[in-house]
Amino acid sequence: MNSEKAFTIGGARGEAIPQLGKMSNRHGMIAGATGTGKTVTLQVLAEGFSQLGVPVFAADIKGDLSGIAETGKPHPKIDERLAQIPLPHYSRQGFPVSFWDIYGETGLPVRTTISEMGPLLLANLLELNDTQEGVLYAAFKIADDQGMLMLDLKDLRAMLQWMGENAKSLSLDYGNISSQSIGAIQRRLLVMEEQGGDRFFGEPALELQDLMQVDFSGKGVINLLDATRLYAESPRLYSAFLLWILSELFEQLPEQGDAETPKLVFFFDEAHLLFENASKPLLEKLEQVVRLIRSKGVGVYFISQSPMDIPDDVLGQLGLKIQHALRAFTPKDRKAIKSVAENFRANPDLDTASVLTELGIGEALVSRLDAKGTPTVVERVLIAPPQSRIGPLTESERESRVERSPLKAKYTQAIDRHSAYEALKQKAEQIAAEEAKAAEVKPAATRSRSASSRSTSSGGMDIVDSLAKSAARAMGSQLGRQIVRGLLGSLFGGRKR
């Protein structure tokens, strides 16, 4: 089937149900209640795309997708399924996998910079209100105007620190900057740091081309993000990271037009997180990206318990719909089932709403696009068994694969190059040294008048000199020296792990 640029999803009526490669950039969905087989279906799709030479990115929230790297084992239930579905090319095998982990514990570290994340996604990640979001946008604008890099959390804190101290002079160009908003953002940054943000923001930043690799045999590499800890501790950081990758793909990839296969297939697990807390501007951007990114050769597949978790404007763009069983325990559940049934193209031989509650594990209602791009009628399908292992790798198996990764040398060691907070530290130390030297030869009164004169003429200083001189003035007392040590230790000091 590879010669046809298609792979088998499963079987119905004794016939194979294929997914065409050229229709795979039209996006898709896997939905169903807990325990109905969504993860195995995702595994089957990832294998199929890999065999077509299409790289895959997927988040492994439960930790049981890693087995896709290892050859599957015989099992009576798999043999039973194989007897029911025509799979002449089925062969137990493992697939090429790159393991990633924001914490750098079970995979290669994943990083991006504050600048690359941008104020829109960052404001949503920090749960900022409109006023606080405006201040954050001002921080990015000031950094751009001053030519200062904001790479990690230290840089953003430094910028906010200076904005708070110089709010009055900044207000004419950048609007009102309240100390309350600065403080609120700083507190949110502390929380995010505890949830892994200090490891996520930095360099080397992830290069998208490293997610779009093909191995020596022509199989697309499957990139698995270990999201078990991330999803549990910081679901907002999880969703922001996936949204960032999607937006970067949209901005960086050239137009592809129609092709036999996508350049990349992207799986969003727990898709409700992407939509339920998104601000209106972010939601509009996401809907736009989903609509347009298919022309860049990227297929986006959402996984959630119910299609109702996905906005109608996005749901209407999905070409492949795989719906596992839903439960009808309450009137609300029954209403949802009716709505889900109406999302499919009706099959006169199938009562879709009734079947939705009857499906067994590994069964699903499937609608896809034919060669002309027309949705097929919904069918009751037995999902094909995976060719790889069902269940996770052992710790040693995963570690050995991470150690052998050709990308290990590129991403393992963090880089902390000269950026905003280093520039501020350098200036602060330079001016403090100059003032200390001057203090040795000038009377105390002269020093006082000189400091006063410098303070009143500070309006024309650039961003670096302003913060630096503020820090230097603070060294005039014992309390000031304590503040500066705190400033240098936390704002300018090394990243805490």
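1. Let's start with Glu-203: at 14% relative accessibility this residue counts as buried (buried is under 20% relative accessible area, exposed over 50%, partly exposed in between, with a 1.4 Å probe and protein chains only). A quick word on provenance: this is a predicted model, where local features need pLDDT of at least 70 and side-chain atom pairs count only at pLDDT 80 or more, while totals for chains, interfaces and linings use all residues. Residues are numbered from 1 along each chain as its sequence is written, and side-chain values use heavy atoms, with hydrogens and water left out.

2. What does Glu-203 meet in a salt bridge? Its partner is the side chain of Arg-417, at 2.6 Å from N to O (a salt bridge is a side-chain nitrogen of Lys or Arg within 4 Å of a carboxyl oxygen of Asp or Glu). Glu-203 sits in the loop between α7 (179-200) and β7 (222-226), and Arg-417 in the loop between α16 (408-411) and α17 (420-439), so the pair ties together parts 214 residues apart in sequence. Helices (H or I, at least four residues) and strands (E, at least two) are DSSP runs, numbered from the N terminus. Arg-417 is partly exposed, at 41% relative accessibility.

3. Lys-410 and Glu-207 make another such contact, 3.1 Å from N to O. Lys-410 belongs to helix α16 and Glu-207 to the loop between α7 and β7, so this pair links parts 203 residues apart in sequence. Lys-410 comes out as partly exposed at 33%, and Glu-207 is partly exposed at 42%.

4. Next, have a look at Arg-229 and Glu-105, whose closest N and O atoms are 2.8 Å apart in a salt bridge. Arg-229 is in helix α8 (residues 228-233) and Glu-105 in the loop between β5 (97-101) and β6 (108-109), so parts 124 residues apart in sequence are tied together. Arg-229 is partly exposed at 31% relative accessibility, whereas Glu-105 is exposed at 51%.

5. How many salt bridges turn up in the whole structure? The search finds 19.

6. Finally, the hairpin. Strands β1 (residues 6-12) and β2 (residues 15-20) pair in the antiparallel sense over six bridges (strands pair if DSSP finds at least two bridges between them). Gly-10 has Ile-17 in β2 as its bridge partner. Two residues lie between the strands, and Arg-13 takes a positive phi near 60° in this hairpin.
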